[in-house]
Amino acid sequence: MKRILSLPFFLMVLSLVAAGQTTASPQTAAAPPQQPTAPPAAPQVSETSNFTSAKGFVLEDGTPVRMRINRTISSADAHVGDTVDFEVLQDISLNGTLVIPKGGLAFATVTEAQPKRRMARGGKLDINIDYVKLLSSEKAALRAVKDMSGGGHTGAMVGGMVATSLVFFPAAPFFLFMHGKDISIPKGTEVTAYVNGDMKLDIAKFQPAPTPQPTVAAGGSPNADSTSAKIQLESDPTGADIEIDGSFVGNTPSDVQVPEGDHTITVKKAGFKDWERKLKVSAGSSVHLDAELEKVTSQ
């Protein structure tokens, strides 16, 4: 008999527990919803790096230069000798004087490029980081590793390559996006290179030029461009030096302001014939030039 009565008793206990939960549920529903916690703010990366040299106005060996690649490069279509351009991500000052501007250019050269092959052999892409352009238009040699002594993990990664090379291969998967078995370095990838050797600089070349006073047009409004013209200059391949009337003014592609009148525009790049045009520009005009550089053929 006890066994028969135990089942209804057990069911009654369950019903009381359920009723208690139902009674408590409105209080739970009435509780105010939790406000989402805002994610912590990302740390701000300084846009200026200041370095002090005890050797004088010397850009010292090992000074880091943060930069990012300006175009995607892949072992599938890259060729030995191709120029790879990078954009500098921070102003770099020496003893309080700007020497490498943010947005400036650094250059590298493809030293080996091999697409994927049969028998599951992947592609290979070796890039030698060459130099960064200073504010004075001088070139500071760069290398890809901070310590030149070698050994350790760095020595194992570069293997038999020279210490100034950036070597991209599957041993560095954090740096690559692999498509099949070709190696691809996407546009915007950031790297840090290092000044290769002490470089003594002339501080006078880094002093800002006097700011010209703008001319004032009729009616009293300033018109700084009333006597200048704009030249938009591109080249194939990119990254070539631009000279106007014999003076270096930047690298392709660039927009350059010039005074009205006659000018000689020269585009130069190692391994290619110089490209030159003479033209006359008028104030307020805009001229677009596209320089197709011709490779120098070995004799």
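Figure 1. Asp245 is partly exposed, with a relative accessible area of 45%; the class runs between buried, under 20%, and exposed, over 50% (1.4 Å probe, protein chains only). Areas come from the Shrake-Rupley method with a 1.4 Å probe, and for residues only the protein chains shown count as cover. This is a predicted model, in which local features need pLDDT of at least 70 and side-chain atom pairs count only at pLDDT 80 or more, while totals for chains, interfaces and linings use all residues. Residues are numbered from 1 along each chain as its sequence is written, and side-chain values use heavy atoms, with hydrogens and water left out. Asp245 lies in the loop between E17 and E18, and its phi is positive, about 55°, although Asp245 is not a glycine. Strands (E, at least two residues) and helices (H or I, at least four) are DSSP runs numbered from the N terminus. Asn95 has a positive phi near 50° and sits in the loop between strand E6 (91–94) and strand E7 (97–100). Asn95 is partly exposed at 35% relative accessible area.

Figure 2. Asp236 and Pro237 are joined by a cis peptide bond with omega of about 5°. Asp236 belongs to strand E16, whereas Pro237 is in the loop between E16 and strand E17 (241–244). Both residues are partly exposed: Asp236 has a relative accessible area of 45%, and Pro237 one of 22%. Pro237 and Val84 are 153 residues apart in sequence, with 9.8 Å from C-alpha to C-alpha. Another cis peptide bond joins Thr252 and Pro253, with omega of about -5°. Pro253 is found in the loop between strand E18 (247–251) and strand E19 (254–259).

**Figure 3. A surface patch of negative charge.** The patch gathers Glu234, Asp236, Asp255, Asp290 and Glu292. Strand E16 (228–236) and strand E22 (286–292) each supply at least two of its residues. Patch residues have over 30% relative accessible area and no salt bridge; like charges are joined within 9 Å, and nonpolar side chains (Val, Leu, Ile, Met, Phe, Trp, Tyr) within 5 Å.

Figure 4. Strand E9 (residues 124–133) pairs with strand E10 (residues 139–143) in the antiparallel sense over three bridges; pairing requires at least two DSSP bridges between two strands. Val132 stands opposite Ala140 of E10. E9 and E10 form a hairpin with five residues between them, and Ser137 in the turn has a positive phi of about 75°. E10 also pairs with strand E14 (residues 190–195), antiparallel over two bridges, with Val195 in E14 as the bridge partner of Leu142.

**Figure 5. Salt bridge between Asp61 and Arg143.** The side chains of Asp61 and Arg143 meet in a salt bridge of 2.7 Å, N to O. The pair links distant parts of the chain, 82 residues apart: Asp61 is in the loop between strand E2 (58–59) and strand E3 (64–69), and Arg143 is in strand E10. A salt bridge is a side-chain nitrogen of Lys or Arg within 4 Å of a carboxyl oxygen of Asp or Glu. Asp61 is partly exposed at 38% relative accessibility, whereas Arg143 is buried at 0%.

Figure 6. Glu112 and Lys124 form a salt bridge of 3.7 Å, N to O. Glu112 lies in strand E8 (residues 105–114) and Lys124 in strand E9, so the pair ties together parts twelve residues apart in sequence. Lys124 also meets Asp126 in a salt bridge of 4.0 Å, N to O. Salt bridges with shared partners join Glu112, Lys124 and Asp126 into one network.

Technical notes: Lys, Arg positive; Asp, Glu negative; His and termini not counted. Charge placed at Lys NZ, Arg CZ, Asp CG, Glu CD.
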